[in-house]
Amino acid sequence: EFTRLNLKHDPGKMKEYHYTGPVEHRFSPYAFNGGTVLAVAGEDFAIVASDTRLSEGYSIHSRDSPKCYKLTDTTVIGCSGFHGDCLTLTKIIDARLKMYKHSNNKSMTSGAIAAMLSTILYGRRFFPYYVYNIIGGLDEHGKGAVYSFDPVGSYQRDTYKAGGSASAMLQPLLDNQIGFKNMEGVQHVPLTRDKAVQLVKDVFISAAERDVYTGDALRVCVITKEGINEQTIPLRKD
Amino acid sequence: VNSRHSVERRDPCRKYLLSTKHISVINDKRNVVLESSLSELGYKAPIARKTGTTIAGIVYKDGVILGADTRATDDMVVADKNCMKIHYIAPNIYCCGAGVAADAEITTQIMASNVELHTLNTGRPPLVAMVTRQLKQMLFRYQGHVGSSLIVGGVDVTGAHLFSVYPHGSYDKLPFLTMGSGAAAAVSIFEDRFKPNMELEEAKQLVNDAIAAGIFCDLGSGSNVDLCVITEAGVEYLRGYDKPTMKGKREGQYRYKPGTTAILTKTITPLSLDVVDESVQIMDTE
């Protein structure tokens with residue numbers, strides 16, 4: 001529209017358009033603290049992994065701030081996004097877990113936690129928790145389960161999911177290596193625990209190369225019926 | 001009757017010179033309107049890639065040392081893990097560039113070209129002050145739209161000099177300088193340990209540590225440290241002087257067997273050619 005208007009005038013002169021002048025800046029209640037989380041479900045195990053870098057803008061707040069939080073003996077949640085909301089959300093989940101245990105005399109199952117989290121998140125539909133959640137754990141039958149969420153509570157059960165700042169880099173790689181997508185004539189071998197841990201480590205090494213928000217260290221939580229085993233491995237610090 | 005044609009009008013060079021006197025900025029206001037109307041529709045206008053850098057320079061006993069990191073970012077994704085930010089201007093003058101990658105690159109190339117012509121015109125080797133003056137006059141003319149922040153350093157007949165030039169055209173002349181997103185991290189090292197007339201090894205270590213501070217503490221900087229030592233005797237360009245960060249070692253094998261990609265159709269067209277020349281170029285896959 002405005003290009004047509006321009007031709008009526010002398011092409012040497014530029015028409016004065018009403019464009020935005022000074023802009024009023026409002027206080028933003030959110031901040032982006034970076035971080036990547038990843039969860040993989042196996043036959044009898046689940047893995048939840050996250051990097052440990054906490055950043056804001058171009059600075060690093062902490063090199064040792066893992067984003068995996070233990071909920072029960074069989075469930076771990078990974079939260080990335082705005083760190084303030086991550087902390088508050090995990091506090092709320094812990095409180096609700098306790099309440100459930102006291103009322104029902106048993107721990108919440110992974111599926112139940114996922115359903116509950118969805119309602120908690122949707123309760124703040126119009127001022128959301130700026131958190132990308134991924135729950136990893138064992139279901140009632142002892143099989144690995146991964147539930148991935150969006151900031152307002154939409155969720156589904158997956159075999160594997162990446163969330164956070166480097167999710168767009170990790171997800172296609174997992175689709176290829178775990179989901180065997182875009183490959184011909186490859187045997188679909190079921191994922192063993194050691195292979196899965198190795199894959200998670202390698203995938204984060206690659207993410208740290210290209211995503212500035214991912215790095216410092218990787219925290220891997222492996223959930224089996226024996227319990228939760230945590231390991232920390234170093235990543236690039238630049 | 002003499003029909004005289006104006007030689008001036010016919011002269012192709014004059015037209016060329018006129019049209020390339022300077023880059024036109026008449027689209028500036030159009031771009032602002034475009035950006036606002038694009039954001040209304042939910043699109044983002046394309047942004048120029050910035051280097052998100054740490055660059056630094058010091059004057060030491062025998063000359064100047066310039067340092068830079070080697071990461072170029074596209075927003076917050078690493079676009080180039082090993083780019084060169086120390087640019088050649090003259091045999092005795094080098095320039096580190098921060099800010100918009102293309103602007104830093106082109107500006108320094110223009111300067112290098114102008115300096116060479118100036119040298120041929122005057123028969124004298126260039127002065128660092130001359131480069132700085134040309135840079136600031138050009139950048140001021142573009143009113144900050146050419147987003148390059150530069151640290152110019154060199155040794156000329158008047159001695160060793162170090163200048164920093166900002167996108168709007170201001171400059172500083174100091175014994176030590178830092179620019180880029182990692183400037184704050186780097187200058188803290190200089191403020192702690194800089195002394196006038198340092199020895200070569202101590203000075204190299206200082207610049208190295210300053211750039212390393214930027215690499216570790218600034219998300220926009222990373223990978224390796226490049227140094228450039230300029231003295232009366234000559235220039236030592238130390239590409240990859242230090243590599244404080246290493247890529248993690250992957251445990252698994254991720255090579256694909258031939259046949260992994262599905263072949264839908266196959267047509268072979270034979271070309272009868274003779275091999276004339278063969279050359280091998282190693283790909284930089286790291």
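Me: Which residue of chain A forms a salt bridge with B:K81?
Reply: In this predicted model, local features need pLDDT of at least 70 and side-chain atom pairs count only at pLDDT 80 or more, while totals for chains, interfaces and linings use all residues. Side-chain values use heavy atoms, without hydrogens and water, residues are numbered from 1 along each chain as its sequence is written, and chains are lettered from A and ligands numbered from 1 in the order in which they are written. A salt bridge places a side-chain nitrogen of Lys or Arg within 4 Å of a carboxyl oxygen of Asp or Glu. With its closest N and O atoms 2.8 Å apart, the pair joins B:K81 to A:E209.

Me: How many residue pairs are in polar contact between chain A and chain B?
Reply: A polar contact is a pair of N or O atoms within 3.5 Å; within protein, one must be able to donate a hydrogen and the other to accept it, and residues adjacent in sequence count only if both atoms are side-chain atoms. Between chain A and chain B, with both residues at pLDDT 80 or more, the count is 16.

Me: Which element gives the largest share of the side of chain A that touches chain B?
Reply: Helices (H or I, at least four residues) and strands (E, at least two) are DSSP runs, numbered from the N terminus. The elements of chain A that give two or more residues to this side are β4 (59-62), α4 and α5 (193-210). The largest share, 8 residues, comes from α5(A).

Me: What is the area buried between chain A and chain B?
Reply: Buried area is the accessible area (1.4 Å probe) that two parts lose on being put together, summed over both. The contact (heavy atoms within 4.5 Å) takes 33 residues from chain A and 38 residues from chain B. Of the area that chain A buries against chain B, A:Y58, A:R210 and A:D238 supply 23%, more than any other three residues. Carbon and sulfur atoms give 60% of the total between the two chains, which is about 3200 Å².

Me: Is A:Q177 buried or exposed?
Reply: A:Q177 lies in helix α4 (residues 167-177) of chain A. Not counting residues up to four places away in sequence, A:Q177 touches A:L199, B:Y254 and B:Y256. Buried means under 20% relative accessible area, exposed over 50% and partly exposed in between (1.4 Å probe, protein chains only). Because its relative accessible area is 16%, A:Q177 is buried.
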